[in-house]
Structure formats: C-alpha cells, structure tokens
Amino acid sequence: MPMELFTCAGGALCLPTRDGALVSRADGGNLIVNPPRKVWERSELTLDELRNWSCLVAAAGAAMLRTLPQLDGGCINYWEAGNWALNPLAPPEGGKRAPDHRSMHLHLLGRSMESADPNWRWGESPVFPRYAERADWLHENDRLTPAEAQAIVAATAQILTDKYGFARADIDLAQPCPSCAYPVAGKTPGKPVRCVECAA
Ligand SMILES: [Zn+2]
C-alpha cells in the first residue's frame, strides 16, 4: 500500500511502495494523490470532493516543482491510470470490469530535463512497462527521499492555505516518522508515530 504522507479535505498525498515508483527521484520523482473517498472514476465524486481533490493535485504538483532542484526547468505529467488492477492476471485472476475493480488515483510524474533514463527522456512521452514486466522495471527506481517528501508536504499545505483558501481544519498535521523521517499524515497532533513501513 502506498504510504500516506499528507491528508486533507482533498484526499491523501502518498509515497509509492518501496518497489512501486514509476520514476526515479533523480529523473523527477513519483507521488500519488488519492481522492477523499474511494471511487472507480473521478466523475463519481461530489462537486466539493472533486474541487478539493483537484486543489490537492495542483498544490502537490506545484510543491514538487517548487522544492525539487531536479525539476528546475522541468514539469509534471499528471497520469490517471489504474490499468494494472484490471489485468486478467491481477488478483482475483480473470476478466474484470473497471467499475468493480478500479480504484481511481492519480500519479504525479516529475519530468526532469536531465533525465538519463531512456523511459523518461526529456521531450518524449514516457514509456511504461507491460503488466508482466512491471516488477523488474519498477525495482530499479529510487523513491523521493524523506527530506524531499518533507519539503513537498510543507509546500503543499502552504499552497492549499494561501492559494486555494483551505482552512486550518481542512488540513491534517504531518509529522516525521521517528525511524525513517518520512512525513506521517495524522489527524491528531501530539506524539510522533512511526510510519506504516517502519511499524510493519
Ligand atoms: Zn518510518
């Protein structure tokens, strides 16, 4: 399960699993934005949910561009896919209809001008692996570091407040995990808690 770094009325900003990043941090980095409620398609969200989620998506993308030096002159590709969960080989095995098996989520894919990865060459469309090849392909990619994630979370909260008018009560305080220092999304301030990866 991707780890929640930051939560607010718009949903959750998440770090991919250790072997789940689509882009290495040096090539631009990869984060995921989940909606405030599990839906198979964004049109299933209410107007308020859609508006708040769209604000979180834009704020998180802007935060990556603002804080990551590797994105100087670069950009973000916003990628809503969820295709692998529908593969006949994905559990449960067999044919799947999207409304029954898809969980809408959006990948923020950082695109660095300096990317050395042939799949993420600047000025080209990204190249994604086939379902069967995804494990070998993904484990090569490094996630954003705890320090990078902390800077992105802080900037996301600031943009949501300053630009999109989110109230303090709409944003949950994130605190660093005492073991790995990745931000841990939390609804109640107080004693720092370990992230789901360190607690496992
Ligand atoms: Zn941790």
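Two aromatic rings of Phe, Tyr or Trp (for Trp the six-membered ring) are taken as a pair if their centres lie within 6.5 Å, and the pair is called stacked when the planes are under 30 degrees apart, edge-to-face when they are over 60 degrees apart, and tilted for the rest. By this rule the count comes to two aromatic pairs. The structure is a predicted model, in which local features need pLDDT of at least 70 and side-chain atom pairs count only at pLDDT 80 or more, whereas totals for chains, interfaces and linings use all residues. Residues are numbered from 1 along each chain as its sequence is written, and side-chain values use heavy atoms, with hydrogens and water left out.

## Aromatic pairs

Helices (H or I, at least four residues) and strands (E, at least two) are DSSP runs, numbered from the N terminus. Trp79 belongs to strand 4 (residues 75-80) and Phe128 to the loop between strand 5 and helix 3 (134-138), so the pair ties together parts that are 49 residues apart in sequence. Phe128 also pairs with Trp120, here in an edge-to-face arrangement with 5.7 Å from centre to centre and 90 degrees between the planes. Through these ring pairs Trp79, Trp120 and Phe128 are linked into a cluster.

For accessibility, buried means under 20% relative accessible area, exposed over 50%, and partly exposed in between (1.4 Å probe, protein chains only).

The charged end of Arg134 sits over the ring of Tyr131, at 3.9 Å from its centre.

## Nonpolar cores

A nonpolar core is a set of buried Ala, Val, Leu, Ile, Met, Phe, Trp, Tyr and Cys residues joined through side-chain atoms within 4.5 Å. The largest such core has 39 residues, and those with the most contacts inside it are Phe6, Leu108 and Leu160. At least two residues of this core come from each of strand 1 (3-8), strand 2 (11-15), strand 3 (30-34), helix 1 (47-67), strand 5 (106-111) and helix 4 (146-162). Helix 1 gives the most to the core, with eight residues. Another core lies apart from it and has six residues, including Leu22, Val23, Leu109 and Leu138. In soluble globular proteins, nonpolar side chains tend to be buried together.

Contact means heavy atoms within 4.5 Å. When its neighbours within four places in sequence are left aside, Leu160 is in contact with Phe6, Cys8, Cys55, Leu56, Ala59, Gly165, Phe166 and Ile171.

## Salt bridges

A salt bridge is a side-chain nitrogen of Lys or Arg within 4 Å of a carboxyl oxygen of Asp or Glu, and a search of the whole structure finds eight of them.

| Salt bridge | N to O distance |
|---|---|
| Arg18 and Glu197 | 3.6 Å |
| Arg37 and Glu49 | 2.9 Å |
| Arg51 and Asp48 | 2.5 Å |

The bridge between Arg18, in the loop between strand 2 and strand 3, and Glu197, in helix 5 (residues 196-199), links distant parts of the chain, 179 residues apart. Arg18 is exposed at 53% relative accessibility, while Glu197 is buried at 17%. Arg18, Glu197 and Arg143 are linked in a network of salt bridges.

Arg37 lies in the loop between strand 3 and helix 1 and Glu49 in helix 1, so their bridge ties together parts that are 12 residues apart in sequence. Arg37 counts as partly exposed at 35% relative accessibility, whereas Glu49 counts as buried at 18%.

Arg51 and Asp48 both lie in helix 1, three residues apart, which is about one turn of the helix. Arg51 is partly exposed at 45% relative accessibility, and Asp48 is partly exposed at 47%.

Note on methods: Lys NZ or Arg CZ within 6 Å of the ring centre and 35° of its normal.
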